[in-house]
Amino acid sequence: MAAALTLAERGRGRTAPNPNVGCMIVKDGRVVGRGWTQAGGRPHAEAVALDRAGAAARGATVYVTLEPCAHASPRGPTCSDLLIEAGVARVVAALGDSDPRTDGSGIGRLRDSGVAVDIGVGEAAARRSMAGFLTRRALGRPHVTLKLATSLDGCIARADGESRWITGEAARAHAHLERARHEAILVGRGTYEADAPKLDVRLAGLDNRSPRRVLLTRSLDTVAGLTVVGAPERIADLDGVDHVLVEGGAGAASAFLAADLIDRLLIYRAPILIGGGRPAIGDIGLDRLADAHGRWRLVDQRMLGSDRLEAYERVRD
């Protein structure tokens, strides 16, 4: 399942409105097929893996990060039917599909056809992997990540606005990888006018995965090459977007935090002190210090060169 989840990450940011799913087919201790949901949402991971496995899929075990679909589509057959036709013996799924067109029907169809099914293996990791799809289903909006690159004292720039570069090359490369995993990247108008950021992916082999550029501004003036939204809540209207990366500046970060629309924090912290610089965020509407506790859970931390990355998830009911 861990391998299937790794495959699923290859499609993240490219499959909306479909989920990014990974699939491994194993027979007699050997991988005979693997696949992940392709750009645009089709073909599905199971279809890709079955095509690669061919006849070897008969009697095999299938590890898939989401319940195989059971609803008819003009874009292709259902994955549950494909698995039954291939003669697989067992399906291990990390997570049930919340899409009401499937929602247990895929598992039921497999079991009715004599296929053994296990559900829940790697569930927490699968929820994290498909956070965009699940957030859109549950809350009607994209999953939002806020990226901050700060000094040890929480600054994103010197007082005069100089901000290039706070973090080193390894941290910046990782941030570009994160861009490639989102359908949209958002900045505030102040940052856009001051820094003229390209907001693209500049990594070899991934430069074709630059996200849609979105500008947060109250003016709603048309800006060439950018999608304009007037308030954080309007990201719900972005078609084909299940993952939004908020990159700056402090005004945009504060607005999204105040609206409680940040689901994930990525904090790249450089071992430098600026002193008197521009803070990473402003007022976020916190009434009591007690209300700040228990909201964020650390889920990852690592060194990127001399910089430290910390990833947090918003704790929600």
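## Strand pairing, helix packing and cores

Thr61 stands opposite Arg90 in strand β4. The two strands concerned, β3 and β4 (residues 90-93), pair in the parallel sense over four bridges; pairing requires that DSSP finds at least two bridges between two strands. Strands (E, at least two residues) and helices (H or I, at least four) are DSSP runs, numbered from the N terminus.

This is a predicted model, in which local features need pLDDT of at least 70 and side-chain atom pairs count only at pLDDT 80 or more, while totals for chains, interfaces and linings use all residues. Residues are numbered from 1 along each chain as its sequence is written, and side-chain values use heavy atoms, with hydrogens and water left out.

| Strands | Bridges | Direction | Opposite residues |
|---|---|---|---|
| β3 and β4 | four bridges | parallel | Thr61 and Arg90 |
| β12 and β15 | six bridges | antiparallel | Tyr268 and Leu309 |
| β14 and β15 | eight bridges | antiparallel | Trp296 and Arg314 |

Two residues lie between the strands of the β14 and β15 hairpin, where Gly305 takes a positive phi near 65°. Six of the eight residues of β15 are buried, that is, under 20% relative accessible area with a 1.4 Å probe, protein chains only.

β15 (307-314) is also one of the strands against which the buried residues of helix α7 pack; the others are β6 (143-150), β8 (184-188), β11 (243-248), β12 (264-269) and β14 (296-304). Those buried residues are Ala171, His174, Ala175, His176, Glu178, Arg179 and Ala180. The end C-alpha atoms of α7 (residues 169-180) are 17 Å apart, which agrees with the 16 Å that its 12 residues should span at 1.5 Å a residue; the expected span is 1.5 Å times one less than the number of residues.

A nonpolar core is a set of buried Ala, Val, Leu, Ile, Met, Phe, Trp, Tyr and Cys residues joined through side-chain atoms within 4.5 Å. The largest has 35 residues, and Ile25, Val88 and Val91 have the most contacts inside it. Helix α2 (residues 45-53) gives the most to this core, with four residues. Leaving aside residues up to four places away in sequence, Val88 touches Leu50, Ala57, Gly59, Ala60, Val62, Leu83 and Val115, contact being heavy atoms within 4.5 Å. A second, separate core of 21 residues includes Leu186, Val246, Ala253 and Leu265.

Note on methods. Buried < 20%, exposed > 50% of the residue type's maximum accessible area, 1.4 Å probe, protein only.
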